[in-house]
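Subject: Structure handover and notes

Hello,

Here is the structure I said I would pass on. Please open it beside this email and look up each residue as you read.

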Amino acid sequence: MENTAIKVLVVLFSIWLSCVQAQTGRFSAVLAFGDSILDTGNNNLLMTVSRGNFLPYGRDFPHRIPTGRFGNGRVLSDLVAGGLGVKDLLPAFRSPFLKSSELATGVCFASGGSGLDKFTASIQGVIWVQDQVNDFQRYIEKLNQQVGDPAKVKEIIANAVILVSAGNNDLAITYFSTPKRQTRYTVQAYTDMLIGWKTTFMNSLYDLGARKFAILGTLPLGCLPGARQITGNLICLPNVNYGARVYNEKVANLVNQYSQRLPNGKFVYIDMYNSLLEVINNPSQYGFTTAKPCCCSVMTPIPCLRSGSHVFWDFAHPSEKAYKTVLPKILSTIQSNLA
């Protein structure tokens with residue numbers, strides 16, 4: 001009788017373990033593209049001011065190391081990879097310290113300051129998204145060398161979550177902060193151009209074997225500390241938030257079109273705008289002291305003592321705690337739509 005009970009327990013444990021593995025092991029890798037929301041250090045060796053490889057950046061990262069992430073600790077790409085059970089930290093593809101053993105579970109191609117508009121990347125000297133596609137091609141070549149089986153490599157790419165954050169800098173910097181585009185195009189026209197470039201970018205990734213896309217909308221750009229400074233931290237900039245909403249609606253529609261047009265792929269839109277805006281509007285409900293001044297800025301040489309009390313780490317980037325606050329919904333959306 002006792003042996004039977006033990007066997008039953010073993011079977012139940014096996015079933016439970018299989019379920020856990022199914023929940024956390026659905027994806028082979030995470031491959032991140034786009035901007036500083038996801039960048040884990042690709043700008044470190046570039047001649048650009050858009051870098052985060054110096055203190056106080058990374059002060060809450062393991063061993064207090066400034067790795068090039070634009071935040072006080074881990075960024076969203078790290079947290080998504082960890083939350084999906086892939087790995088805790090997503091290494092930068094351009095890092096000279098990248099280990100070949102990391103390739104099969106994914107890397108980050110994103111570049112802080114980048115965007116869909118080539119002008120956005122060029123004015124900051126960072127990696128344009130189409131150049132990130134070139135890096136992706138080089139990654140596939142290295143992965144083939146590491147794995148030694150083209151069929152296995154194809155399977156890894158097809159089962160990887162393609163995490164994309166692009167459009168934040170195009171709107172916040174190129175359109176609303178410089179005359180280059182704003183004097184020539186309306187918000188509607190410029191966001192149409194962004195969607196055209198985004199389509200080209202996604203097609204390039206799909207042609208290289210990517211099949212599971214999680215496409216992030218922009219943040220509420222008018223509520224970033226850098227934008228709110230213009231009004232003395234009183235209100236969010238309504239025109240900038242309007243531009244973000246117009247763009248995000250078009251991105252969501254584009255993702256739906258891809259789902260209908262390419263049945264062999266899976267595509268989901270991640271609403272970053274409303275998720276973060278909810279936290280900004282109700283910081284105390286989520287354990288924050290403030291969503292207005294950031295923890296670290298050029299105006300305050302000494303950062304705040306507790307970055308977890310601030311929704312924003314610096315003028316444009318959420319704190320690690322803020323990312324963690326919106327993370328559960330992101331993970332749920334990815335798991336229910338891409339698995």
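What follows is a list of what was found, grouped by topic.

Please keep in mind that this is a predicted model.

**Disulfides**

The structure holds 2 disulfides. One of them joins cysteine 223 to cysteine 236, with an S to S distance of 2.1 Å. This pair links distant parts of the chain, 13 residues apart. Cysteine 223 lies in the loop between strand E3 (212-216) and helix H9 (225-228), while cysteine 236 lies in the loop between H9 and helix H10 (238-261). The link between cysteine 223 and cysteine 236 is right-handed, with 110 degrees about the S-S bond. Cysteine 223 is buried, at a relative accessible area of 0%. Cysteine 236 has 18% relative accessibility and still counts as buried, because the cut-off for buried is under 20%.

A disulfide also joins cysteine 295 to cysteine 304, with 2.0 Å from S to S. The torsion about the S-S bond of cysteine 295 and cysteine 304 is about -100 degrees, so this disulfide is left-handed. Cysteine 295 and cysteine 304 are both buried. If the bonded cysteines are numbered in sequence order, the pairing is 1-2, 3-4.

Cysteine 296 counts as buried, at 10% relative accessibility. Cysteine 108 also counts as buried, at 0% relative accessibility.

**Nonpolar cores**

The largest nonpolar core has 97 residues. Which of its residues touch the most other members? They are Leu31, Leu76, Tyr139 and Ile334. A second, separate core has 5 residues, including Tyr57, Cys295, Cys296 and Trp313.

Leaving aside neighbours within four places in sequence, tyrosine 139 is in contact with Leu31, Phe93, Leu103, Ala104, Gly106, Val107, Phe109 and Ile157.

**Aromatic rings**

A pair of aromatic rings is described by the distance of the centres and the angle of the planes. The count for this structure comes to 15 aromatic pairs. One of them is formed by phenylalanine 109 and tyrosine 139, which are 5.6 Å apart centre to centre. The angle between their planes is 80 degrees, and the pair is edge-to-face. Phenylalanine 109 is in the loop between helix H2 (76-83) and helix H3 (118-122), and tyrosine 139 is in helix H4 (residues 129-147). The two are 30 residues apart, and the pair links distant parts of the chain. Both phenylalanine 109 and tyrosine 139 are buried.

Tyrosine 139 also pairs with phenylalanine 136. The ring centres of phenylalanine 136 and tyrosine 139 are 6.1 Å apart and the planes are at 20 degrees, so this pair is stacked. Phenylalanine 136 and tyrosine 139 are 3 residues apart in helix H4, so about one helical turn separates them. An α-helix has 3.6 residues a turn, so residues three or four places apart point the same way. Phenylalanine 136 is buried, and so is tyrosine 139. One aromatic cluster is formed by Phe33, Phe93, Phe109, Phe136, Tyr139 and Phe201.

**Helix H2**

Is H2 mostly enclosed or open? H2 is largely enclosed by the rest of the structure, because 6 of its 8 residues are buried. The buried residues of H2 are Leu76, Ser77, Asp78, Leu79, Val80 and Ala81. What covers them includes strand E1 (30-34), strand E2 (161-165), E3, helix H11 (272-281) and H12. After H2 comes glycine 85, whose phi is positive, near 80 degrees.

**Leucine 338**

Leucine 338 is in helix H12 (residues 320-338). Leucine 338 is buried, with a relative accessible area of 0%. Apart from neighbours within four places in sequence, its contacts are Phe27, Val161, Lys212, Phe213, Ala214, Lys266, Phe267 and Val268. One of these, valine 161, is 177 residues from leucine 338 in sequence but 7.8 Å away in space, C-alpha to C-alpha.

Regards

How values were computed: Residues are numbered from 1 along each chain as its sequence is written. This is a predicted model: local features need pLDDT of at least 70, side-chain atom pairs count only at pLDDT 80 or more; totals for chains, interfaces and linings use all residues. Side-chain values use heavy atoms; hydrogens and water are left out. Helices (H or I, at least four residues) and strands (E, at least two) are DSSP runs, numbered from the N terminus. Buried means under 20% relative accessible area, exposed over 50%, partly exposed in between (1.4 Å probe, protein chains only). Contact means heavy atoms within 4.5 Å. A disulfide is a pair of cysteine sulfur atoms within 2.5 Å. A nonpolar core is a set of buried Ala, Val, Leu, Ile, Met, Phe, Trp, Tyr and Cys residues joined through side-chain atoms within 4.5 Å. Rings of Phe, Tyr and Trp (its six-membered ring) pair if their centres lie within 6.5 Å; planes under 30 degrees apart count as stacked, over 60 as edge-to-face and the rest as tilted.
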